[in-house]
Amino acid sequence: MHIPDSYLSPQTALPALAVMAPLWATAAAKLRRTLRLRQMPLLALGAAFTFVIMLFNVPIPFASTGHAVGAVLVAILLGPWAALLAVSLALAVQAFVFADGGVLALGANCLTMAVIMPFTGWGVYRLLAGAAPAGAARRQWAAGVAGYVGLNAAALGAAVLFGIQPWVAHDATGRALYFPYGLAVTVPVMVGEHALVFGWVEALVTGLALGYLQRTAPGILPNAMPETGAPPRARVSQRAIRSLAWGLGILVLLSPLGILLPRWLHAGGAWGEGATARWHGLLPNYALPGQEPRILTYLLAGVLGAGLILLLAWIARRWLARKEPDDCPPRVDASANQ
Amino acid sequence: MIALPAWMHPPISEQAVTATPARKSAPRRALGTLLRLIGTLLDDRLATRPGLLQAIDPRAKTPALIGLILVTAFLHTVPGLLAVYGLAVALAVLSRVPARRLFGVWLALPLLSALIALPAALNLVTPGAPVCPFGHGIAVTAPGCYVVARFALRALAGVTFALLLVATTRPDHLFHGLRALGAPRMAVMLLAMMARYLVVLARAAEEIHLTKLSRAITTGTLRQEQAWVAAGMGALFRRTQALGEDVYLAMLARGYTGETRMLDAAPPRPRDWGLLAGLLGIGVGIWFLDAGIWR
């Protein structure tokens, strides 16, 4: 995913550097507060670690190998701001010492692999791992999914940077001066190959590496809830949740009544229903595009709609309850009572 | 400048890399990559060879070559890109860069760039006067060929300047050269420290892979091999953390208080600034010709 020099116009590469400058400064300021004196050796070694793991060959099917970026793994282990600096340093060394990845494109490369990838991956990991204990399998799965999502987000970012070149920079006759393909080509190609192949390599490496550290050195993992054995907080009873789930399921199954009843009773559509002229949506009029509503599509719309609302509610709950350390039951120090 | 003694370039792992089988396993490939990395970091023969660019202070050379990369990015015509590539070749010859290394870059990025841009030569992407029709309304066009040639030439010139910077400058000097471009002192120190410990961690990764090769009679299943790679990364992270603590304590023991101090070398000589001005002047001149005459 390294963007070489000469692929991006100066109108893209230089603003990317300008965007990265305050982000680097912010990351350095945040780390200075938390790491203090340890900052320099830990950051330098973390950056070297980031560089070296990119060289590991991961076997993939058909007797081939691939490489992982590792930015999400570094974000999970060191935090997203430390990962921003570590990956930026690794990319700078690649550009200036090995001429791998552009010198002018350093800002763009950092934007995709040092910002988009670790922050997206870290956010997904925090969302999915939640308050699970340090050794929980859920954290390993969360890390895998985070690696996959992070890499694909970075691939999308790179695809956009490539794809806007014909629009940003062209000569008097309209010919592209830099990367010659537009978004219609770059987005499907880059996101497709990363979603189908490289994303799985990243997911595998991130999840398995975290699993290894969970088994062998759980104390290394940051932001892990201690396994205190204390009972969980009081929640809505499982019985109530099951009842609501059954009720929601029955309502979804009954949703086709919305098209059957009007037919049986020869009634017209509700006032204001129907796709507008400007926005058609995924299932316009609760049917496949260009078709009349049918029972199956109505059911599908019900399942999709309910599912989306539940997902949004769950995300909102996570967002509002993100002060996880305060939510954890306090550790009981048994030795204090002796 | 003292050349590194041979014992600091141990070829232990080379046997593991060069030995058969014909189809290398993932650990062997990784071992080869790690060896090349260590070799590149430790090999300063070209950077210490007498030559034009080697003699320039990095604080003048780095802005000059990065400036020329910037000029390359602003050129819009094939004649302009040919002129700037000619400048790069001239600098390489005057700096005694081996021809094999100089023209070896053709096989890397520029060739790949030409292959990537090849479909842009078709009238489906770049309409214009057909040069080579394929039938069914598809043809290579003259403007399309120009787009491909410009794209590949720009990649060639850019990577050649980057090669010149990398090949004629030792890594630690290169980072100090970034100070002339306004890079913060802390960033330069981090880069220099990172490059130093890159060799240490690469050796640790090399040991991890050698351990695997020396204890494995056969290759495991795909899942087993993937799990081993992930475990190797985890093991390397644990070593990194432990090493980080050791380095931090060693720095404390030697008086580190958190402030970044650098030993400032003597300022660049007037001829270094003269070469900087001359190279940038030539680059700007090519840009003027590109913007005024060749467009």
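Helices here are DSSP runs of H or I with at least four residues, numbered from the N terminus. With that in hand, let's work through some exercises on this predicted model.

**Exercise 1. Find which helix holds Ala153(A), and which residues Ala153(A) touches once residues up to four places away in sequence are set aside.**

Step 1: Look up the element. Ala153(A) lies in helix H6 of chain A.

Step 2: List the contacts. Leaving out residues up to four places away in sequence, Ala153(A) touches Ile116(A) and Thr120(A).

Step 3: Phe119(A) is 34 residues from Ala153(A) along the chain, and their C-alpha atoms are separated by 9.9 Å.

**Exercise 2. Describe how H6(A) and H8(A) pack, giving the angle and the distance between their axes.**

Step 1: Two packed helices are described by the angle between their axes and the distance between the axes.

Step 2: Read off the geometry. Helix H6 (residues 137-163) and helix H8 (residues 183-216), both of chain A, have axes 6 Å apart and pack at an angle of about 155 degrees.

Step 3: Classify the angle. Angles over 145 degrees count as roughly antiparallel, so H6(A) is roughly antiparallel to H8(A).

Step 4: H6(A) passes H8(A) in a right-handed crossing. The residues of this contact divide into 19 nonpolar, 12 polar and 2 charged.

**Exercise 3. Now do the like for H4(B) and H7(B): how are they oriented to each other?**

Step 1: The axes of helix H4 (residues 78-94) and helix H7 (residues 142-167), both of chain B, cross at roughly 25 degrees and come within 9 Å.

Step 2: Angles under 35 degrees count as roughly parallel, and H4(B) and H7(B) are therefore roughly parallel to each other.

Step 3: H4(B) passes H7(B) in a left-handed crossing. On the H4(B) side the contact residues include Leu81(B), Tyr85(B) and Leu91(B), and on the H7(B) side they include Arg150(B), Leu153(B) and Phe161(B).

Step 4: Sorted by type, the residues of the contact are 17 nonpolar, 1 polar and 2 charged.

**Exercise 4. Characterise the interface of chain B with chain A: how many residues does each chain give, and what area is buried?**

Step 1: Count the residues. Chain B gives 79 residues to the contact and chain A gives 61 residues.

Step 2: Take the area. About 6500 Å² is buried between chain B and chain A, and carbon and sulfur atoms give 80% of that.

Step 3: Pick out the leading residues. In chain B, Met194(B), Met233(B) and Phe237(B) lose the most area to chain A, together 11% of what that side buries.

Step 4: Helix H4 (residues 80-97) of chain A and helix H8 (residues 171-178) of chain B pack at an angle of about 110 degrees, their axes 11 Å apart. That makes H4(A) roughly perpendicular to H8(B). Val93(A), Phe96(A) and Val97(A) of H4(A) meet Pro171(B), Leu174(B), Phe175(B) and Leu178(B) of H8(B). These residues divide into 7 nonpolar, no polar and no charged.

**Exercise 5. Locate salt bridges: how many are there over all chains, and how many between chain B and chain A?**

Step 1: The count over all chains is 7 salt bridges.

Step 2: Between chain B and chain A the count is 1 salt bridge. Asp171(A) and Arg150(B) meet through their side chains in a salt bridge, 3.5 Å from N to O.

Step 3: Within chain B, Glu206(B) pairs with Arg203(B), the closest N and O atoms being 3.1 Å apart. Glu206(B) and Arg203(B) are separated by about one helical turn, because they are 3 residues apart in helix H9 (residues 185-215) of chain B.

Notes: Residues are numbered from 1 along each chain as its sequence is written. Chains are lettered from A and ligands numbered from 1 in the order in which they are written. This is a predicted model: local features need pLDDT of at least 70, side-chain atom pairs count only at pLDDT 80 or more; totals for chains, interfaces and linings use all residues. Side-chain values use heavy atoms; hydrogens and water are left out. Axes are lines fitted to C-alpha atoms, for helices over the stretch in contact, and angles run from 0 to 180 degrees between N-to-C directions. Helices (H or I, at least four residues) and strands (E, at least two) are DSSP runs, numbered from the N terminus. Angles under 35 degrees count as roughly parallel, over 145 as roughly antiparallel, 65 to 115 as roughly perpendicular and the rest as oblique. A crossing is left-handed if the near helix is turned anticlockwise from the far one by less than a right angle, and right-handed if clockwise. Ala, Val, Leu, Ile, Met, Phe, Trp, Tyr, Cys and Pro count as nonpolar, Asp, Glu, Lys and Arg as charged, and the others, Gly among them, as polar. Contact means heavy atoms within 4.5 Å. Buried area is the accessible area (1.4 Å probe) that two parts lose on being put together, summed over both. A salt bridge is a side-chain nitrogen of Lys or Arg within 4 Å of a carboxyl oxygen of Asp or Glu.
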